[in-house]
Amino acid sequence: MRLLGLGLCGLGLVGVGLLAAMEGFYRLELRRLPGLPTPPEAADRLPANLARTWWSLFEPGATLTVEPVWAWTALATVSRPLVFGTPSHLTSGWSLANAVVNSWSAHPSATGEPLSLKASQRLALGIWLTRHWSAEELLAFQARHVRLGHGVIGVSEGARRYLAKETAGITFAEAALLTSMAGLGGAQREHPECFIDRLRPRRDRLLQRLREAGVLTQAEEAAARSRSVVLRLADFTEHPCPR
């Protein structure tokens, strides 16, 4: 029994040492960053319809909650497939935090060039964001920096340019449309009005996610799906569709 106790104690010490090493590595990489992103002001936070829709692009649940990533949660996520043979479960908000890392690092630095971050620095920044930013702050930052084509940056400008509305007045169908535009790439993102056939199924999948998360009822989802996908093109007549 005494040997068993010493063995368990030794394993415990190894575990504590491993967690301490992981936390130390995180803090070291954090200090190597050229800076840290500034959280958006409260006035910049998204309206409820848009926030819930934007959240569904990254996270499956309806609750806008970011779970902080600590050394022990990271270890549990990594070891779960090895020990139990079950898939890893990402903490709520991690995918969104990672997207914010990508947006912030792509933003020009003081030198005018995008930040060049190592994978370990990106990981450390993502962990830091889950510990210090709320879901509303992450959503506001990501939505403010997304590119929606024709030089439009941010969903607020996108709502005005494409829908002739302020974000406070958009419906779930319109919120899903703007959010789906953010998922386009290449020529599709630069000219979203030319790819309505791609936008509609993306929008409808987001509406389905909202219904599955309990945000929309089945009737509300059906009503939102029935709305036509229409983008205001008056400002973009000088930009013909790519051939």
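**Confidence first.** My note on the term: pLDDT is the predictor's confidence in each residue, from 0 to 100. Helices here are DSSP runs of H or I with at least four residues, numbered from the N terminus. For the protein chain, the mean pLDDT is 82, and 80% of the residues reach 70 or more.

**Ground rules.** This is a predicted model, where local features need pLDDT of at least 70 and side-chain atom pairs count only at pLDDT 80 or more, while totals for chains, interfaces and linings use all residues. Residues are numbered from 1 along each chain as its sequence is written, and side-chain values use heavy atoms, with hydrogens and water left out.

**Helix 6.** Is this helix buried or exposed? I found nine of its eleven residues buried, so helix 6 is largely enclosed by the rest of the structure. Buried means under 20% relative accessible area, exposed means over 50%, and partly exposed is in between (1.4 Å probe, protein chains only). Among the buried ones are Leu138, Phe141 and His145. The cover over the buried residues of helix 6 includes helix 2 (48-58), helix 4, helix 5 (119-132) and helix 7 (155-163).

Next I checked the second largest pocket, with a volume of about 230 Å³. Closest to its centre, out of eleven lining residues, are Ser103, Ala106, His145, Val146 and Arg147. Helix 4 (94-106) and helix 6 (135-145) are the elements that give two or more residues to this lining. The lining divides into five nonpolar, four polar and two charged residues. For the record, a pocket is an open set of points on a 1 Å grid over the protein atoms alone, where a 1.4 Å probe fits, with protein on both sides within 12 Å along at least five of seven lines; lining residues have an atom within 4 Å of a point. The volume is the space filled by probe spheres set on the points, which are joined across faces, edges and corners. Nonpolar covers Ala, Val, Leu, Ile, Met, Phe, Trp, Tyr, Cys and Pro; charged covers Asp, Glu, Lys and Arg; the others, Gly among them, are polar.

**Two residues of helix 8.** Thr179 sits in helix 8 and is buried at 0% relative accessibility. Its side chain reaches the backbone oxygen of Ala175 at 2.7 Å. Leaving aside neighbours within four places in sequence, Thr179 is in contact (heavy atoms within 4.5 Å) with Leu50, Thr53, Trp54, Leu57 and Leu206. Thr179 and Leu57 are 122 residues apart in sequence, yet 7.4 Å apart C-alpha to C-alpha.

Ser180 is also in helix 8 (residues 172-182), buried at 3%. A polar atom of the Ser180 side chain lies 2.7 Å from the backbone oxygen of Leu177. With neighbours within four places left aside, Ser180 is in contact with Leu199, Arg202, Arg203 and Leu206.

**Positive phi.** I noted His150, with phi near 55° though not a glycine. His150 is in the loop between helix 6 and helix 7 and counts as buried at 13%. Ala164, also not a glycine, has a positive phi of about 60°. Ala164 lies in the loop between helix 7 and helix 8 and is exposed at 52%.

Terms used:
A polar contact is a pair of N or O atoms within 3.5 Å; within protein, one must be able to donate a hydrogen and the other to accept it, and residues adjacent in sequence count only if both atoms are side-chain atoms.
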